[in-house]
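User: Could you help me look at the pockets and the ligand in a structure that is new to me?
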Amino acid sequence: MAGDLTASDALGSVPFFSGLDKKLLKTIVANGKEIQYKAGDTIVRQGEVGVGFFLILQGQVEVRSNGKVLATLSTGGFFGEMSLIDDQPRSANVVAVQPTKCFALTTWSFSSILSSHPEIAMPILKEVVKRLRTAQSAPTS
Ligand code: CMP
């Protein structure tokens with residue numbers, strides 16, 4: 001539709017991907033797909049095998065575990081990286097709290113892009129460290 005952002009524009013406008021060159025952005029776009037979720041949809045389920053990495057193009061999600069909201073992520077945020085990195089089950093539920101559009105990469109695409117373009121790893125690592133610090137400073141009960 002006229003005026004709509006292409007997936008490439010949308011990804012390029014997300015801080016996480018904005019530093020990447022256009023060619024790499026195109027490769028990423030070609031390897032993933034956009035998925036629309038309704039408010040209330042569970043996108044990632046705790047305990048399941050992880051098969052995707054998600055970047056939020058629009059909307060908002062909550063990361064929930066044991067009845068607690070661990071984090072709220074919105075446009076530009078990502079989730080699903082943990083299971084893909086260590087091959088362990090999903091560590092938490094991720095639920096859309098608004099109509100949410102995600103860009104999803106399969107495990108295979110995520111790993112292959114990461115190994116061919118290791119510069120993507122650093123922003124992911126920085127964000128994961130930030131989340132760890134937030135979790136450490138959160139009250140325990
Ligand atoms: P994964 O374990 O694959 O699936 C659940 C996702 O929720 C996880 O990857 C992270 O992307 C995200 N997640 C888990 N714990 C936190 C947290 N404390 N803060 C923010 N995001 C989290």
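User: Which element gives the most to the lining of the largest pocket?
Analyst: That element is helix 6, which contributes seven residues to the lining of the largest pocket. Please keep in mind that this is a predicted model.

User: Which other elements give two or more residues to the lining of the largest pocket?
Analyst: Alongside helix 6 (121-137), strand 5 (68-74) and helix 4 (81-86) also give two or more residues.

User: How much space lies in the largest pocket?
Analyst: The largest pocket holds about 790 Å³ of space. It is lined by 29 residues, and Val63, Leu70, Ala71, Arg131 and Ala135 are the closest to its centre.

User: How does the lining of the largest pocket divide by class?
Analyst: The lining of the largest pocket comprises 16 nonpolar, six polar and seven charged residues.

User: How many residues surround the ligand?
Analyst: The ligand is surrounded by 14 residues, and the closest of these are Gly80, Glu81, Ser83, Arg90 and Ser91. By class, this shell consists of eight nonpolar, three polar and three charged residues.

User: Which element gives the most to the shell around the ligand?
Analyst: Helix 4 does, with three residues. Strand 5 and helix 4 each provide at least two residues of the shell.

User: What is an oxygen atom of the ligand 2.7 Å from?
Analyst: One answer is an N or O atom in the side chain of Arg90, where the distance to a ligand oxygen is 2.7 Å. For Ser91, an N or O atom of the side chain is likewise 2.7 Å from an oxygen atom of the ligand.

User: What about Met82, how many Å is its polar backbone atom from an oxygen atom of the ligand?
Analyst: For Met82 the distance is 3.4 Å, and the atom concerned is a polar atom of the backbone.

User: How much of the ligand does the protein bury?
Analyst: The ligand taken alone exposes 450 Å², and the protein buries 92% of that area.

User: Let us move on. How much space lies in the second largest pocket?
Analyst: About 200 Å³ of space lies there. The second largest pocket has 15 lining residues, and those nearest its centre are Ile43, Val51, Gly52, Phe54 and Arg90.

User: How many cavities of 30 Å³ or more does a search of the whole structure find?
Analyst: The search finds one such cavity. The space in the largest cavity is about 50 Å³. Its lining has 10 residues, with Phe17, Leu105, Phe110, Ile113 and Ile120 the closest to the centre.

User: Where does the largest share of that lining come from?
Analyst: Helix 5 supplies the largest share of the cavity lining, three residues. The elements that give two or more residues to this lining are helix 2 (15-18) and helix 5 (107-116).

User: And how do the residues of the lining of the largest cavity divide by class?
Analyst: The lining of the largest cavity has 10 nonpolar residues, no polar residues and no charged residues.

Methods:
Residues numbered from 1 in each chain as written. Predicted model: local features only at pLDDT ≥ 70, side-chain atom pairs only at ≥ 80, totals over all residues. Heavy atoms only, no water. 1 Å grid on protein atoms, 1.4 Å probe; cavity = no way out; pocket = protein on both sides within 12 Å on 5 of 7 lines; lining within 4 Å. Points joined across faces, edges and corners; volume = space filled by probe spheres on them. Helix = DSSP H or I, 4+ residues; strand = E, 2+ residues; numbered from the N terminus. Nonpolar A, V, L, I, M, F, W, Y, C, P; charged D, E, K, R; others polar. Near = heavy atom within 4 Å. Polar contact = N/O pair within 3.5 Å; in protein donor to acceptor, adjacent residues only side chain to side chain. Areas by Shrake-Rupley, 256 points an atom, 1.4 Å probe, with all protein chains shown as cover.
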